Amino acid sequence: MDTHTGMDSPRGIWWKPAHRSEKMWVAIAFAWCMVLFAMMPLWHFKGGQNPAGLRYRTTPAAYYKRAQEFIATYRVGIDHGIPVVAPPPGSDIYLVAMSWQWQPVLRLRQGAEYTLHISSLDVDHGFSLFPVNLNFEVVPGYDYGLRVTPTVAGDFRIICNEFCGIGHHTMVGRVIVVDSAGHQVAATEAAILRGAR
Ligand SMILES: [Cu+2]
């Protein structure tokens, strides 16, 4: 029977110097790690995908109250029980995420800049604007202000991309972008995708 006392050299070849090709692969892997490591700060400064930096502490009750005032001020209609608002260009607009809906329906103008405030009333949700590749995490207790300028007219859907419970898949919102003349266009998905590129 073999007893490993630690006094004898173990069997194997691990103490022999590494082969040249092994050293080369370790060097390549290390260099690639450094590239990925450098990408993190680089992407932060050069990636063009950072939020505008407006972030405030809030409470679900305070945020909901502010959003209701916003809705009451600019309400122009209703869509499946959700109020539709048409805020003026340049204004602060408020979007509420809750289990399991988004409100209000935002009617925005192409080419106009808005500050989109976004917060959740309960759990984490994910703001994902379909079919544009735009994603943002929505958490309760924080009011994020995103500076947005819709570049394409069309009828967009907000889809929750953070699993938030049994009704998660039904959590679909709507953003309508009217063209610069104020007309609502029934843009097809393909046209939106073409324009968004
Ligand atoms: Cu969800």
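This is a predicted model: local features need pLDDT of at least 70, side-chain atom pairs count only at pLDDT 80 or more; totals for chains, interfaces and linings use all residues.
Strand 3, which covers residues 82-85, and strand 6, which covers residues 105-109, pair in the parallel sense over 2 bridges. Strand 6 is also joined by 4 bridges to strand 12 (residues 172-178), and these two strands run parallel. Within that pairing, Leu108 stands opposite Val177 in strand 12.

As background, strands of a sheet pair through backbone hydrogen bonds, in either a parallel or an antiparallel sense.

An open sheet is formed by 5 strands in the order 1-10-7-4-5, with mixed pairing. Its edge strands are strand 1 (54-57) and strand 5 (101-103), each of which pairs on one side only. From one strand to the next, the twist averages 20°.

Strand 4, made of residues 92-98, and strand 5 pair in the antiparallel sense over 3 bridges, and Met98 stands opposite Gln101 in strand 5. Helix 2 (residues 60-74) packs on the sheet, where it touches strand 4, strand 5, strand 7 (114-120) and strand 10 (142-148), and its direction makes about 125° with that of strand 4.

## A nonpolar patch on the surface

Trp32, Val35, Leu36, Met39, Leu42 and Trp43 form a nonpolar patch on the surface, and together they have about 600 Å² of accessible area. One of these residues, Leu42, lies in helix 1, which spans residues 20-46. Leu42 has a relative accessible area of 45%, and is therefore partly exposed.

Definitions and conventions: Residues are numbered from 1 along each chain as its sequence is written. Side-chain values use heavy atoms; hydrogens and water are left out. Patches are made of residues with over 30% relative accessible area and no salt bridge: like charges are joined within 9 Å, nonpolar side chains (Val, Leu, Ile, Met, Phe, Trp, Tyr) within 5 Å. Accessible areas come from the Shrake-Rupley method with a 1.4 Å probe; for residues, only the protein chains shown count as cover. A salt bridge is a side-chain nitrogen of Lys or Arg within 4 Å of a carboxyl oxygen of Asp or Glu. Buried means under 20% relative accessible area, exposed over 50%, partly exposed in between (1.4 Å probe, protein chains only). Two strands pair if DSSP finds at least two bridges between them. Axes are lines fitted to C-alpha atoms, for helices over the stretch in contact, and angles run from 0 to 180 degrees between N-to-C directions. Contact means heavy atoms within 4.5 Å.
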